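Hello,

Here is the structure you asked to look at. My notes on it follow below.

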Amino acid sequence: MSVAQPNGHFEIVAQARGVRNCFGPQTVHEGLDLDVRRGEVLAVVGGSGTGKSVLLRTLIGLNRPAAGSVLLFGQNVYAPGMQNTSPLAKRVGVLFQQGALFSSLTVLENVALSLIEHARLPAAEAMQLATLKIALAGLPADAGNKLPMELSGGMIKRAALARALALDPDILFLDEPTAGLDPIGAAAFDQLILTLRGALGLTVFLVTHDLDTLYTTADRIAVLANRRVLVNDRLEIVAAIDDAWIQEYFHGPRGRAAQAARDRVS
Amino acid sequence: MNASDDARLELRDNGDMPSLCVGGAWTLSHYQALTPRVTDLRGRVGPGMEIDFSSLTALDTAGARLLCELVGAERLKGTLTNAALTAEQRTLLETVASSFAVSGMPPQRRYQFGDVLEHIGKATYAFRDHLVGLLGFIGLTLEKLACTACRPRRWRVAATIAQMEQIGFNAVPIVALLSFLVGAVVAFLGATVLAEFGTTIYTVDLVAYAFLREFGVFLAAILVAGRTSSAFAAQIGSMRANEEIDALRVIGLDPVEWLVLPRVLAMVLALPILTFIAMICGIVGGMTVCALHLSISPAMFLSLLDANIDPRHFFVGIGKAPVFAFLIASIGCLEGFRVSGSAQSVGEHTTSAVVQSIFTVIVVNAIAALFFMEMGW
C-alpha cells in the first residue's frame with residue numbers, strides 16, 4: 001500500500017544509514033541501512049537480542065547511535081536542538097511495549113495531554129477530541145476515567161494507541177503491539193492497525209514476534225540478523241531467501257500455521 | 001496566511017435550497033477557530049441540506065470530529081457517497097463517524113462537603129483493619145516461630161546471619177555517630193541549666209540516666225525503623241510484585257518461615273547490640289563535653305557513674321530493645337506483603353512501613369516509660 005510517486009520512486013519517511021549501536025563491548029548494529037516508505041506497514045523481525053527494539057528507539061531519537069545517520073521526514077533526528085522539544089514529536093506516534101501510560105493520569109488525561117501541551121487546545125476541547133481517539137482505538141467510553149492500573153493488558157495497548165494517535169501523527173512506531181494479548185485480542189488489534197492505517201493514511205513501523213501480525217498487517221518485512229538488515233522486502237520474497245534463520249522462522253511449524261490461517265481468510 | 005491555510009464554514013443561501021460549504025484545512029491547528037462556528041451553525045443545519053466539500057484542502061481526525069458534531073454521525077455517513085471527496089478522506093470520515101457515534105464523555109466525579117466525613121470514616125475503618133492485620137501477622141509470626149523452634153533442621157541460620165550483618169553491623173557507624181552527637185547535646189543542655197544551681201556535676205547523672213533508660217534504645221530503634229523496616233518492605237514488596245511470593249507458595253515453602261522469621265530473628269538479636277553501642281557512644285559524647293567544657297575528667301566521670309547509677313537503669317533500657325525490634329520487623333515485613341503488583345505500590349508501602357514503625361516505637365516507648373515509673377523501676 002506504499003504510495004509510489006509518478007517516477008517510480010517511493011517517498012521515504014524514515015531512513016537509517018550506516019547505523020552502529022554498541023553497548024559496552026557488545027555491538028548490536030553495524031552498518032545498518034533501512035528505509036521506511038510513506039503509507040506502508042513495515043514489520044521488523046529477528047531473533048532475541050538482534051536489537052529490534054534498539055532499532056526502534058534509534059529511529060525515534062531515544063538512542064543516539066555510535067555512528068551513522070537517522071533521518072525522519074528528511075531531518076536528522078540527532079542534530080543539535082532536535083532532542084526533546086523536537087517538532088518531530090508532533091508527527092511521530094509511539095506505542096511502547098508496556099504501554100508506558102502515565103500512571104498518575106486517567107486514560108482520558110493521558111490522551112489529552114499532548115493535545116493540551118502541543119496543540120494548545122483548551123482542556124474542554126482537548127477532552128472532546130480525546131474521547132474520539134479513545135473510541136477510534138476501540139475502547140468503551142467509560143474507560144476514559146480509569147487509571148492505567150485498572151486496565152487489562154489489551155486495554156492498556158489500546159489506550160496507549162489512542163495516546164499515540166492524539167496529534168494525528170504521520171508515522172506510528174509500535175513495539176510488540178500484540179505481545180501479551182490473547183489471540184482474539186491480538187487479531188482485533190491487527191485489524192485496528194489496518195483500519196487506522198487506511199483511514200488516517202499512517203505509515204507504520206512495527207517490531208513484532210507475532211507471525212500472525214506479520215502475515216495480516218505487514219506490507220514489507222525487514223529481517224534483522226548479523227547486526228544489520230539482512231533483507232527488506234515483501235513477505236513472499238523474504239520467505240524465499242536462503243538463510244537458515246529465515247527458513248526456520250517462516251517455514252517452521254508456527255510459520256506454516258500462520259500462513260495457513262492467512263490463506264484461509266483471504 | 002493564504003486561503004488554503006484557512007478553514008472556512010459557510011451557510012450559502014441560494015433561494016429555497018441552502019447549502020453548507022466546508023472549505024480550507026479542517027485540521028487540528030484550526031480546531032479551536034472552527035469550534036465556535038460549528039456550535040453556531042449546528043442548529044441551522046436542516047435535514048437534506050447539501051454539503052459542498054469541493055474547496056476542502058486538508059482533513060484530519062480533529063476536522064472530521066467537528067463535521068460529525070455539525071451534521072451528526074449518521075447523516076454524515078449518508079452524504080459521503082456523492083460528495084466531492086478523495087478516497088482517503090471518505091474512509092477517514094467513515095471511520096471517525098463510526099467512532100464518534102460510540103464515543104462520549106465519561107461521567108465526571110463531583111466533590112462535595114460530605115466527602116470529608118466519608119474520608120474520615122474510611123480512614124478510621126482502615127486504621128482498625130490495619131491494627132487487626134498487624135496483630136494477626138504478629139500472631140502468625142509467633143506461631144511459625146514456635147513451630148520451627150523445635151525443629152533445628154528448618155532454622156535458616158545463614159539467612160539470619162546475613163540479615164544481622166545488614167541490620168546490625170552495617171548500621172553501627174551511623175548509630176555510633178548519632179548517639180555520640182546527641183550525648184554531647186544532652187550534656188551541653190545539662191551544663192547550661194544546672195550551672196544556675198551550681199550543680200553541673202549532675203550532668204553526669206543526666207547523660208547516664210537519659211542514655212541508659214531512654215535515648216540509647218530510642219535512637220537505635222528510630223534509626224533502624226527508618227533504615228531497615230523500609231528495606232524489608234521494599235525487598236518483600238518487590239518479590240511480591242514479581243510474583244516470587246506466589247512461586248514460593250507453589251513450591252510448597254512457607255513465605256513467613258522463609259522471609260519473615262530470619263528478618264525478625266535477626267532484628268531481635270541485632271537491635272539490643274545496637275542499643276548497647278548507642279548507650280556507650282552517647283555516654284562517651286557526654287563525657288567528652290564534660291571533659292572539655294566542665295573540666296570533669298573522664299576518670300572522675302566514670303567513678304561518678306559507678307557510684308550514682310544503678311544497673312537496673314541499663315536493664316530497663318535494653319529490655320525494651322527486643323520488643324521494639326520485633327514490632328519494627330513485623331511492620332516492615334507486613335507492609336511488604338501488602339504490596340499489590342505495581343512499582344508504585346512498592347513505594348507507597350515502603351513509606352508506610354517507615355511511618356508506622358516510628359509511630360509504634362514512640363507510642364510503645366511512652367507507654368513503657370509510664371509503666372516503669374509507676375512500678376518505681
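In this predicted model, chain B and chain A bury about 2100 Å² between them, and 66% of that area is on carbon and sulfur atoms. The interface of chain B and chain A has 0 salt bridges by the rule used, and 3 residue pairs are in polar contact across it, counting pairs with both residues at pLDDT 80 or more. On the side of chain B that touches chain A, the elements giving two or more residues are helix 1 (31-42), helix 2 (61-71) and helix 4 (87-102) of chain B. Helix 4 of chain B gives the largest share, 8 residues. Sorted by class, this side of chain B has 10 nonpolar, 10 polar and 4 charged residues. In terms of contacts, 24 residues of chain B meet 28 residues of chain A.

Next, the nonpolar cores. The largest has 90 residues, and the members that touch the most others are Ile221(A), Phe250(A) and Trp26(B). Leaving aside neighbours within four places in sequence, Ile221(A) is in contact with residues including Leu42(A), Val45(A), Leu214(A), Val238(A) and Phe250(A). Another core, of 38 residues, lies apart from the largest one; among its members are Ile138(B), Val256(B), Val260(B) and Cys333(B).

Now the salt bridges. Over all chains, the search finds 17 of them.

Arg17(A) pairs with Asp35(A), with the closest N and O atoms 3.1 Å apart. Arg17(A) is in strand 1 (residues 12-23) of chain A and Asp35(A) in strand 2 (residues 26-37) of chain A, 18 residues apart. Arg17(A) is partly exposed at a relative accessible area of 32%, and Asp35(A) is partly exposed at 22%.

Asp168(A) forms a salt bridge with Lys133(A), where the closest N and O atoms are 3.3 Å apart. Asp168(A) sits in the loop between helix 4 (153-164) and strand 7 (171-175) of chain A, while Lys133(A) belongs to helix 3 (residues 123-136) of chain A, 35 residues apart. Is this pair buried or exposed? Asp168(A) counts as buried because its relative accessibility is 17%, and Lys133(A) counts as buried at 1%.

In chain B, Asp254(B) and Lys144(B) form a salt bridge with the closest N and O atoms 3.2 Å apart. Asp254(B) lies in the loop between helix 9 (244-251) and helix 10 (255-293) of chain B and Lys144(B) in helix 5 (residues 114-149) of chain B, so the bridge ties together parts 110 residues apart in sequence. Finally, a network of salt bridges links Arg42(B), Arg65(B) and Glu69(B).

Regards

Methods: Residues are numbered from 1 along each chain as its sequence is written. Chains are lettered from A and ligands numbered from 1 in the order in which they are written. This is a predicted model: local features need pLDDT of at least 70, side-chain atom pairs count only at pLDDT 80 or more; totals for chains, interfaces and linings use all residues. Side-chain values use heavy atoms; hydrogens and water are left out. Contact means heavy atoms within 4.5 Å. Buried area is the accessible area (1.4 Å probe) that two parts lose on being put together, summed over both. A salt bridge is a side-chain nitrogen of Lys or Arg within 4 Å of a carboxyl oxygen of Asp or Glu. A polar contact is a pair of N or O atoms within 3.5 Å; within protein, one must be able to donate a hydrogen and the other to accept it, and residues adjacent in sequence count only if both atoms are side-chain atoms. Helices (H or I, at least four residues) and strands (E, at least two) are DSSP runs, numbered from the N terminus. Ala, Val, Leu, Ile, Met, Phe, Trp, Tyr, Cys and Pro count as nonpolar, Asp, Glu, Lys and Arg as charged, and the others, Gly among them, as polar. A nonpolar core is a set of buried Ala, Val, Leu, Ile, Met, Phe, Trp, Tyr and Cys residues joined through side-chain atoms within 4.5 Å. Buried means under 20% relative accessible area, exposed over 50%, partly exposed in between (1.4 Å probe, protein chains only).
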